[in-house]
Amino acid sequence: MYLDKFILPIDEESSLIEQRMAYNGGRFGYIDKTYPCGIFSKNRFSELSFSKITILYGGNGSGKSTLLNLIANKLELNRIAPFNSSELFSSYVEHCKFELGLDDEGFKHRIPNGSRIITSDDIFDYMLTVRTNNDEIADSAEEIRSEWGNKKGDLKFGNTVKMNGMEDYEALRLQVLSRKKTVSRREFIRRVAGTEIKLNSNGETALSYFNSKFKNDTLYCLDEPENSLSPKMQLELVKMLEEMAHYCGCQFIIATHSPFLLAMEFTKIYDLEANPVDVKQWWELENTKVYFDFFNKHKGLFLDDK
Ligand SMILES: Nc1ncnc2c1ncn2[C@@H]1O[C@H](COP(=O)(O)OP(=O)(O)OP(=O)(O)O)[C@@H](O)[C@H]1O
């Protein structure tokens, strides 16, 4: 385990707020929001100790993403999507503390270089970027189709391009390409416009995104990775996470509501809604009890003799 403990500065919150007010122009200086102060001190939550897979559980607004972002910022993890910050956030991060885990020889680990936080915004951002790229390729493929005809015509009538300077390079490149016997019209378009990246469904893309991002011996913070995954796909993700944690030296800190992820083996679950915040088993959580009650109520529909 790379990260062993994380300590929140809940006893320093009032002094952080006072300092910020002073910074904003005197003792009664204006402060927009005191976020993230109050979120964890409310439930007397000041220290997390991690396992290979640690889960942050709680209802909407209980502070899961805030905690992941505090950890990610303190450890300076790689990130793509920006997060919802506030004027107190960075001084709160400064006052957070952490302890690294020990390796087999008793030396402190360091946080591995490629460690990162992955949120569903990253995955949507990836899908939007690929879609925009594909749209652009499709548009320019239209233009290039007629370019192909022009180039073939030019060649037939001897209107060849002469390279007098770099400004003629692009026209010459297209002409050379269209002259090649081995290059069909389709290949010409593909080479000039680029290749569209195949996008699957949202869920398939999300799963392959995780698959491509996870590397051995790395720490990951994942914010609700179950988003857009069907139950079957969530079970695929569970398999991937368990394998990476148990055989590939990865450590995960995951914010989730998913019963499939909550029920993973060897996880430690922090219930952020409990007061004081406490470590729980997955079947003790309100969310999983809601599922249990629902299926229990309808269990007659699932029985074979119905
Ligand atoms: N930038 C911000 N400024 C002020 N308040 C914020 C900010 N970001 C989040 N909050 C508040 O902090 C609380 C915790 O939010 P957070 O996003 O961490 O909850 P969450 O447990 O991840 O919720 P969800 O399951 O809905 O994603 C909420 O009350 C939220 O409104």
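In between, it is partly exposed. Keep that in mind for two residues later on. And keep in mind that this model is predicted.

Let's start with the sheets. There is an open sheet of three strands, in the order S2-S1-S4. Its pairing is antiparallel. S2 and S4, residues 97–100, are the edge strands, and each pairs on one side only. Ignoring direction, neighbouring strands here are turned by 10° against each other on average. Look at strand S1, residues 3–7: four bridges join S1 to S4. Within that pair, Lys-5 stands opposite Glu-99.

Now the six-stranded sheet. This one is open too, and its order is S5-S6-S7-S3-S8-S9. The pairing is mixed. Strand S5, residues 116–119, forms one edge, and S9 forms the other. From one strand to the next, the twist averages 25°. Find strand S3, residues 53–57, and strand S7, residues 251–255: they run parallel, with four bridges between them. Ile-53 in that pairing faces Phe-252 of S7.

Next, the core. Which residues of the largest nonpolar core touch the most other members? They are Ile-55, Leu-68, Cys-221 and Phe-252, out of 51 residues in that core. Helix H2 gives the most to this core, with five residues. In soluble globular proteins, nonpolar side chains tend to be buried together. Take Ile-55 as our example. Leaving aside neighbours within four places in sequence, Ile-55 is in contact with several residues, including Ile-254, Leu-261, Leu-262 and Tyr-270. Two threonines, Thr-256 and Thr-267, are also among the contacts of Ile-55.

On to the ligand. How many residues surround the ligand? The number is 15. Among the closest are Tyr-35, Asn-60 and Lys-64. Ser-65 and Thr-66 belong with the closest as well. By type, the shell holds three nonpolar, 10 polar and two charged residues. Helix H2, residues 64–74, gives the most to this shell, with three residues.

Most residues other than glycine have a negative phi, and most peptide bonds are trans. Here are two cis bonds. One joins Tyr-35 and Pro-36, with omega about 10°. Pro-36 sits in the loop between helix H1, residues 13–23, and strand S2, residues 47–49. The other cis bond joins Asn-275 and Pro-276, and its omega is about 0°. For Pro-276, look in the loop between strand S8, residues 267–271, and strand S9, residues 278–280.

Then come two positive phi values. Arg-44 is not a glycine, yet its phi is about 50°. Arg-44 lies in the loop between H1 and S2. Is Arg-44 buried or exposed? Count the other C-beta atoms within 10 Å: there are 11, so Arg-44 is exposed.

Asp-217 is the second case, with a positive phi near 55°. Find Asp-217 in the loop between helix H7, residues 202–213, and strand S6, residues 219–223. Asp-217 has 15 other C-beta atoms within 10 Å, so Asp-217 is partly exposed.

Definitions and conventions
Residues are numbered from 1 along each chain as its sequence is written. This is a predicted model: local features need pLDDT of at least 70, side-chain atom pairs count only at pLDDT 80 or more; totals for chains, interfaces and linings use all residues. A residue is near a molecule or strand if its C-beta atom, placed from the backbone, lies within 6 Å of it. Ala, Val, Leu, Ile, Met, Phe, Trp, Tyr, Cys and Pro count as nonpolar, Asp, Glu, Lys and Arg as charged, and the others, Gly among them, as polar. A nonpolar core is a set of buried Ala, Val, Leu, Ile, Met, Phe, Trp, Tyr and Cys residues joined through C-beta atoms within 7 Å. A residue is buried if 20 or more other C-beta atoms lie within 10 Å of its own, exposed if 12 or fewer, and partly exposed in between; C-beta atoms are placed from the backbone. Two residues are in contact if their C-beta atoms, placed from the backbone, lie within 7 Å. Two strands pair if DSSP finds at least two bridges between them. Axes are lines fitted to C-alpha atoms, for helices over the stretch in contact, and angles run from 0 to 180 degrees between N-to-C directions.
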